[in-house]
Amino acid sequence: MNAREEVRAWIAAHWDPDLPLGEWRRLLLDSGWAAPSWPEEWFGRGLPPSTDAAVAEELAVAGAVGPPLGAGMGLAAPTLLAHASDGLKRELLPPTVTGETTWCQLFSEPGSGSDLAGLTTRADADGDEWVVNGQKVWTTSAHHADYGMLLARTDWDVPKHHGITYFVLPMKQPGVDARPLRQMNGYASFNEVFLTDARVPAANVVGTPGDGWRVALTTLAHERGFATMRRRRFDPAGGWALREASAEADEYFATYSWYPQRAGRPDLAADVAAATARRDDPVARQLIAGLVARQRAHDWTARRAQAARSADRSPGPEGSLGKLAASDVARDAAATHSLLAGVAGTLTGDDGLLGGVVAEILTSVPAQSIAGGTDEIQRNIIGERVLGLPKEPAVDRDVPFREVLRNPGRSPT
Ligand SMILES: Cc1cc2nc3c(=O)[nH]c(=O)nc-3n(C[C@H](O)[C@H](O)[C@H](O)COP(=O)(O)OP(=O)(O)OC[C@H]3O[C@@H](n4cnc5c(N)ncnc54)[C@H](O)[C@@H]3O)c2cc1C
């Protein structure tokens, strides 16, 4: 029996929509089918990564619920598997799989996004705890996450990449203040997070103190492949587990409901042309055909990146190529919608073009080429790793971080 047949038989024997969602996911976890590519000793089955997608398909065919979507399964779990102590893995992986705990990524700061290793949030040892002070920004879902994947500087006397530590920060404590930021598309899905004497147990260091950059690279490598999230619909009248999964998906996608729009929605170009009576206009037709052709070509690039991951090759330059391609398509789509719609495309609200979706696209697309590493940074990666061009010049890479010139207010003490 191959893995697909085996999981099909397992689902047929065990799936019960009347179970509480947590109980069903616990069964899935204990069986090793929640994440079959994880090692056998850590809730998986040691199978190739492609098995994860096959199992997700089988669960969907059976109408059964899988593990939750989001930064927990997508970013935190693979990072913990690669670097965390056995104690942390035992404590944190099960509730992440069952969806009882949710995560956010506390990496970017007001002065450190692309130059992430220049971060200045600090953590100081205090007995068997660390005390964290600083500010993060752009933190998606920080306002309801249980844990944050936190990067903080713990040593100021070594070069910037060597003094960073990776922590699991409990978010629900007095020293953590997450304030939602309103975006130009009207949503508020990320936050600025102020950390004032926030406490982290010493046992929550992932890897070892000072080795956080290496750990962060694992998270970032998974982030480049984490962009596509497909929503599955669960029948809220179909049983307890389905009702809970449906409510969980509603809450989750409230944060991400504009993400399809940030990808430009090339699929809507023909509808925009119809709504603006330009379907028979040869210029409009040419624009749409060009856009759809580029989108199909870029889709194949994305599939090559997916195939690389399924073939057990760690995500590398294919991820950067795919991400850059997605930015190009998004910008192209926004330009096409604008040319087709003219000023009508800027009207927001239900009475705007296509119910306001076009306006939402135009104000969401800029995020595509920033989130998860900007286009320029992807080009640097492609230049250095694919084309073998010289490394970008840097003056701050080999000196103690304390001596690196920074803006006032970002000093170590
Ligand atoms: C929707 C969204 C969600 C996000 N969610 C999270 C999250 O959950 N957690 C988190 O930690 N972060 C998150 N981010 C932050 C994101 O990772 C950063 O915005 C991104 O890395 C860019 O950093 P920055 O905004 O500081 O821009 P900067 O780094 O200040 O860049 C400004 C400009 O300078 C260019 N630039 C910078 N350095 C170079 C260089 N070396 N060569 C050429 N050009 C350069 C950039 O390309 C950009 O055009 C999110 C961002 C978005 C848009």
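# Burial, rings and a patch

Author: F43 lies in the loop between α2 (21-31) and α3 (50-61). The model is predicted.

Reader: What makes the phi of F43 worth a remark?

Author: The phi of F43 is positive, about 70 degrees, although F43 is not a glycine.

Reader: Which other residue has a positive phi without being a glycine?

Author: One of them is S141, with phi near 65 degrees. S141 sits in the loop between β3 (129-140) and β4.

Reader: Why is S141 called buried?

Author: Its relative accessible area is 8%. Buried means under 20%. So S141 counts as buried.

Reader: On to rings. How many aromatic pairs are there?

Author: The count comes to 12 aromatic pairs. W42 and F43 give one example, with ring centres 6.1 Å apart and planes at 55 degrees.

Reader: How do you know that W42 and F43 pair, and why is the pair called tilted?

Author: Centres must lie within 6.5 Å, and 6.1 Å passes. Planes under 30 degrees apart would be stacked, and over 60 would be edge-to-face.

Reader: Is W42 buried or exposed?

Author: Its relative accessibility is 11%. The cut-off for buried is under 20%, so W42 counts as buried.

Reader: What makes W156 and F401 a tilted pair?

Author: Their centres are 5.8 Å apart, and the planes make 50 degrees.

Reader: Which parts does the pair of W156 and F401 tie together?

Author: W156 lies in the loop between β4 (147-153) and β5 (164-170). F401 lies in the segment after α13. So the pair ties together parts that are 245 residues apart in sequence.

Reader: Why are W156 and F401 called buried?

Author: W156 has 5% relative accessibility, and F401 has 2%. Both values are under 20%, so both residues are buried.

Reader: How do you know that R153 lies over the face of W156?

Author: R153 is 5.8 Å from the ring centre. The distance limit is within 6 Å, so R153 passes on distance. A charge must also lie within 35 degrees of the ring normal. R153 is listed as lying over the face of W156.

Reader: Which residue lies over the face of Y259?

Author: R262 does, at 4.0 Å from the ring centre. Y259 also belongs to a cluster linked by ring pairs, with Y252, F253, Y256 and W258.

Reader: Where is N204, and what does N204 touch?

Author: N204 is in the loop between β7 (190-201) and β8 (205-206). Leaving out residues up to four places away in sequence, N204 touches L88, Y166, F167, V168 and P170. N204 and V168 are 36 residues apart in sequence, yet their C-alpha atoms are 5.3 Å apart.

Reader: Why is N204 called buried?

Author: N204 has a relative accessible area of 7%. That is under 20%, so N204 is buried.

Reader: What makes T96 buried?

Author: T96, in helix α5 (residues 86-98), has a relative accessible area of 3%. Again that is under 20%, so T96 is buried.

Reader: Why is V386 called partly exposed?

Author: V386 is in helix α13 (residues 375-386). Its relative accessibility is 42%. Buried needs under 20% and exposed needs over 50%. The value falls in between, so V386 is partly exposed.

Reader: Which residues make the nonpolar surface patch?

Author: V386, L387 and L389 make a patch of about 290 Å².

Note on methods: Residues numbered from 1 in each chain as written. Predicted model: local features only at pLDDT ≥ 70, side-chain atom pairs only at ≥ 80, totals over all residues. Heavy atoms only, no water. Patch = residues over 30% accessible without salt bridge, like charges linked within 9 Å, V, L, I, M, F, W, Y side chains within 5 Å. Areas by Shrake-Rupley, 256 points an atom, 1.4 Å probe, with all protein chains shown as cover. Salt bridge = Lys/Arg side-chain N within 4 Å of Asp/Glu carboxyl O. Helix = DSSP H or I, 4+ residues; strand = E, 2+ residues; numbered from the N terminus. Buried < 20%, exposed > 50% of the residue type's maximum accessible area, 1.4 Å probe, protein only. Contact = heavy atoms within 4.5 Å. Phe/Tyr/Trp six-rings, centres within 6.5 Å; stacked < 30°, edge-to-face > 60°.
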